[in-house]
Amino acid sequence: MTAILALIRKDLKLYINDRRALAIHLLVPVIVAAFFGALFGGGGGGSGRGQTGKIDIALVQQDSSDIGLKIAAGLKAEPSLRVQELTLQEARARVAAGKVTVAVVIPDGFGGAAGGALFGAGEKPALPLFYDPSQSTVLAMVKGLLTKEVMQHVSAEMFNGETGRAFTDNSLAQIEEAATSDPEQAALRDMLHGVRAFQARQEQRRAAAGVAAGPGQGGLSMPFDTRDEAVSSGPAYNVYAHTFAGMGVQFILFMGIDLGIGLLTARRTGIWNRLLAAPVTQGQVLLSRMLSGTIIAAGLLVAIFVCAVVLFGVEITNPLGFAFVTLSFALMTATFGLLIAALGRTPDAARGIATFATLMIVMLGGAWVPSFIFPEWLQAVSMAMPARWAIDGLDAVTWRGLGLGAALHCAAVQLGFAALFGALAAWRFRARALNA
């Protein structure tokens with residue numbers, strides 16, 4: 001028993017004395033838990049209210065009626081939305097490119113038609129909604145906000161506004177004759193007489209108080225429909241395209257960690273010195289490692305997407321763009337591995353720090369959860385994560401069906417990261433060689 005206790009004490013001392021590993025093991029769960037808590041309702045002090053980023057939507061304003069304009073103004077005033085007023089063609093194009101998540105079209109005549117549907121005197125009007133098929137949860141949120149605005153302004157206008165009074169008078173004139181022989185029309189006539197009497201009392205109250213006519217606080221459930229249309233430039237949305245992109249990027253970056261750890265292990269075991277004793281330079285060794293790492297990473301990503309295509313029906317709509325994105329990501333992964341080897345001291349210590357860094361890159365890059373729910377400052381941070389550009393590039397050449405320009409843009413940003421990582425690694429290796 002004494003021997004067992006001594007061994008346990010020895011293991012605990014070794015673990016506690018390795019302060020770098022201890023810090024990583026403590027910080028990773030704390031930071032990841034704080035990240036998800038902030039996204040899904042955190043806010044401190046038990047308030048349970050998180051501050052997520054605004055949802056980018058497009059608004060196509062075709063209805064110039066009072067109701068249509070008030071609905072548009074209500075959407076623009078909604079704190080959770082960032083509204084861009086565009087033409088129909090511009091809105092569709094931005095949704096297809098993933099620039100906005102939802103486009104709301106308020107068609108001509110919607111206000112009057114919605115008012116008629118409120119009293120059952122006409123068909124329900126439809127609001128066309130174009131949405132990014134990868135963000136159906138955002139569509140539900142926008143529809144909820146839109147329903148609130150429509151119900152509030154239509155019911156308020158129909159009971160207290162000029163539109164409502166005109167509609168009531170016109171409806172009474174139209175159904176008065178039919179009501180003599182049709183019980184349903186008679187019931188509708190009686191209801192409209194009550195509504196008109198309510199409107200008259202509202203007018204008298206405002207006149208007595210010297211208040212100008214305006215909308216009251218509406219209160220009826222508004223019967224209207226939405227006509228939802230998923231919009232993308234490519235094939236029908238396949239969720240596996242995005243999940244394979246996110247998980248492929250994550251685990252290939254972990255392969256990059258292994259590349260760096262391999263170099264540190266070679267240095268510890270003396271293999272590195274034996275390599276440099278051969279007729280090769282340090283630059284040639286590092287270049288060969290970078291190229292072999294690039295080939296391995298590219299091969300893995302291609303194999304992953306072959307599985308996605310064969311087993312799950314993912315379509316690669318732009319093979320040339322896919323090749324550019326794949327090669328740039330593979331090169332970035334290889335240089336990331338070299339940077340780990342250049343900055344690390346021992347394999348064990350470097351593995352912990354590199355794993356932490358990779359988790360942050362992947363998490364903040366939107367591989368785990370969509371970046372649109374991030375707070376706005378965190379959305380800006382995500383643009384500085386190489387994983388974000390790799391995932392966006394793979395989405396662009398699969399289900400989004402975007403052109404070569406979108407793929408080249410994402411590839412160029414990744415090549416910029418590769419150049420940065422490679423330059424830092426070369427500088428660090430050169431400094432170590434001079435100090436040796």
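This is a predicted model: local features need pLDDT of at least 70, side-chain atom pairs count only at pLDDT 80 or more; totals for chains, interfaces and linings use all residues.
Residues are numbered from 1 along each chain as its sequence is written. Local features need pLDDT of at least 70 and side-chain atom pairs pLDDT 80 or more, while totals for chains, interfaces and linings use all residues, and side-chain values use heavy atoms, without hydrogens and water.

Let's start with the sheet. Five strands line up as S2-S1-S3-S4-S5 in an open sheet with mixed pairing (strands are DSSP E runs of at least two residues, helices H or I runs of at least four, numbered from the N terminus; pairing takes at least two DSSP bridges). S2 and S5 are the edge strands, each pairing on one side only. Neighbouring strands are turned by 25° against each other on average, direction ignored (axes are lines fitted to C-alpha atoms, for helices over the stretch in contact, with angles from 0 to 180 degrees between N-to-C directions; contact means heavy atoms within 4.5 Å).

S1 and S3 run parallel, joined over five bridges, and Gln61 stands opposite Ile106 in S3. Helix H3 lies across S1, S2 and S3, at about 165° to S1.

| Strand | Residues |
|---|---|
| S1 | 55–61 |
| S2 | 81–85 |
| S3 | 102–106 |
| S5 | 225–230 |

Now the surface. A nonpolar patch of about 690 Å² includes Val239, Tyr240 and Phe312 (patch residues have over 30% relative accessible area and no salt bridge, and nonpolar side chains, meaning Val, Leu, Ile, Met, Phe, Trp and Tyr, are joined within 5 Å, like charges within 9 Å; areas are Shrake-Rupley with a 1.4 Å probe, counting only the protein chains shown as cover for residues; a salt bridge puts a Lys or Arg side-chain nitrogen within 4 Å of an Asp or Glu carboxyl oxygen). H9 and H11 each give two or more residues, with H11 giving the largest share, six. Tyr240 lies in H9 and is partly exposed at 36% relative accessible area (between buried, under 20%, and exposed, over 50%).

Notes: Buried means under 20% relative accessible area, exposed over 50%, partly exposed in between (1.4 Å probe, protein chains only).
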